[in-house]
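Me: Hi! I've got a structure open and I'd like to talk it through with you. Could we take it step by step?

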Amino acid sequence: MAEVQTNDHNDSGKKNKQKKQTLRVDFTPMVDMNMLLITFFMFCTTLLKPQTMRLSMPTKDKVEEEEQNKARQSSAITLLIGGDDKLYYYEGMPEAAYENPDFLREIPYKKKGGEENEENIRTYLIKRNNGTYQKIEELKFQLADEKITEKEFTEKSIEIQDEAMKKLKIAPTVIIKPTELASYKNLVDVIDEMLICHIGAYTILDLSDGDRYLLYKKTSKGEYLSDAQRAAGIK
Amino acid sequence: MAKVKVKKQSTFIDMTAMSDVTVLLLTFFMLTSTFIQKEPITVNTPASVSEIKIPETNILTVLVDDKGKIFLGLDNPQDRVATLKAVGEDYGYDFTAAQINNFKYLATFGVPIISMAGFLDKTTEEQDKYLLDLDNNRVGIPTDSVEVKDALGVISKDNEFKRWVSHAKKACADRQQALVESGVIKDDEVQPLQIAIKADQTTDYPVIKKVMDDLRDMRENRYLLITNLRTASSE
């Protein structure tokens, strides 16, 4: 392979008879060096490019914002992110049901296994956002079969979300309210569920006093509060 | 007794094929990977399904560790220097050419402006050692709002973090404006500085909220949250 054979075929064999020479180049040092370089690259570089998640927070301009929130809240799902990886939700306005203990429900992040129809946040959101979810999932299949391009997919899915939001008014608005005990992971997990369930409208807001009251009632159940629960429930 | 004649055998192994393989591997690593950036703290980012890649240029990374220490990373050295000068001016600090040159090589920085000059005089090893002591309040960019009188005697409530961000934003815009004027890039190629938040998944929500609130005060409402890709194993 690395041999260059220089055979001069001189049939006459009289004059300039050259010695048969094999020119072998030893590649071992080259391999050594390459291996070193590869090791260097493997240790000092990364193949993974970090992924990002887009997040838009509401502006701090207070003009009429409170009013808007109230209007939207009547048909909204509010998710309260508590400590210890707990998640609670209620539908509509909290003022409507201060006396109803089942108003605020706890819901797990993911299925713990076991029961078939156990509800978790994903199944619940998909159920609530079913029309949009089905349509976008169909689009996803088309994308996988390469019937549509990536660009078309994004445009169409935004279109579907907008339509469900504005014309049909079937898409739920999700209000995410993390408590002081929530971790960053909890927040990202919840936003992730919004992406998975194709929820177009979601926003992150601060807890209201009503939410604190509901959480307090839910977590205390009339018993003595732990410090963690007290912090989650009341200021 | 007849001697056993050992046949002379060549032990030469042809390394050409091996060399080919290593060169191929090396090329692959060089083309696909990116260098790991040196960061003062290691953060374990949460996982998400979002597959948006982080933009390569014009990005300001806000690195938040689980105790709320903030470090900033700016990708363009030119912007970095301009930002340092502007923030130094705000607080009445001047930096020598050597200090500025040192700052040019700091991809991620996080020292209060008071200790910045001293920090930049250190060697790289000393800087690393200094940053290791995370309990030191001279590490991390301060986010407490202390009223500061600037050079013109105007009292401002902006904390250092806000100043760094707003000056970085301005430096990035100015640099691109200059490029537009000299005809290097077109008007529509100008990208505003995007803010990426890179936080550890165990970080408490109030810490993140504080960062976001500060950014929202400056009407920065869109962020990129840096996440890992969620794989089946991490489900």
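Reply: Happy to! Keep in mind that this is a predicted model.

Me: Good to know. How many helices and strands does chain A have?

Reply: Chain A has 8 helices and 9 strands.

Me: And what about chain B, how many helices and strands are there?

Reply: In chain B you'll find 7 helices and 10 strands. The radius of gyration of chain B is 25 Å, while the globule rule gives 18 Å for 235 residues, so chain B is more spread out than a compact globule.

Me: What does the C-alpha trace of chain B span along its principal axes?

Reply: About 110 × 50 × 45 Å.

Me: What about contacts in chain A between residues 24 or more positions apart?

Reply: If you take the contacts in chain A with a separation of 6 or more, 59% of them join residues 24 or more positions apart. In chain B, the corresponding figure is 69%.

Me: New topic: helix α6 in chain A. Which residues does it cover, and how far does it reach?

Reply: Helix α6 of chain A runs over residues 184-196, which is 13 residues. From its first C-alpha to its last it reaches 18 Å, close to the 18 Å expected at 1.5 Å a residue.

Me: Is α6(A) mostly covered or mostly open?

Reply: Mostly covered, with 10 of its 13 residues buried. Among them are A:Tyr184, A:Leu187, A:Val190 and A:Glu193.

Me: Let's jump to B:Asp200. Where does it lie?

Reply: B:Asp200 is in a chain B loop, between β9 (194-199) and α7 (205-217).

Me: Why does B:Asp200 count as buried?

Reply: Because B:Asp200 has 20 C-beta neighbours inside 10 Å, and a residue needs 20 or more to be called buried.

Me: Which residues is B:Asp200 in contact with, leaving aside neighbours within four places in sequence?

Reply: B:Asp200 is in contact with B:Val43, B:Asn44, B:Asp65 and B:Asp66, and also with A:Tyr184 from chain A.

Me: Nice link! And how far apart are B:Asp200 and B:Thr45?

Reply: In sequence they are 155 residues apart, yet B:Asp200 and B:Thr45 are 5.0 Å apart in space, C-alpha to C-alpha.

Definitions and conventions. Residues are numbered from 1 along each chain as its sequence is written. Chains are lettered from A and ligands numbered from 1 in the order in which they are written. This is a predicted model: local features need pLDDT of at least 70, side-chain atom pairs count only at pLDDT 80 or more; totals for chains, interfaces and linings use all residues. Helices (H or I, at least four residues) and strands (E, at least two) are DSSP runs, numbered from the N terminus. Two residues are in contact if their C-beta atoms, placed from the backbone, lie within 7 Å. A residue is buried if 20 or more other C-beta atoms lie within 10 Å of its own, exposed if 12 or fewer, and partly exposed in between; C-beta atoms are placed from the backbone. The expected span of a helix is 1.5 Å times one less than its number of residues. The radius of gyration is taken over C-alpha atoms; the globule rule is 2.2 Å times the number of residues to the power 0.38.
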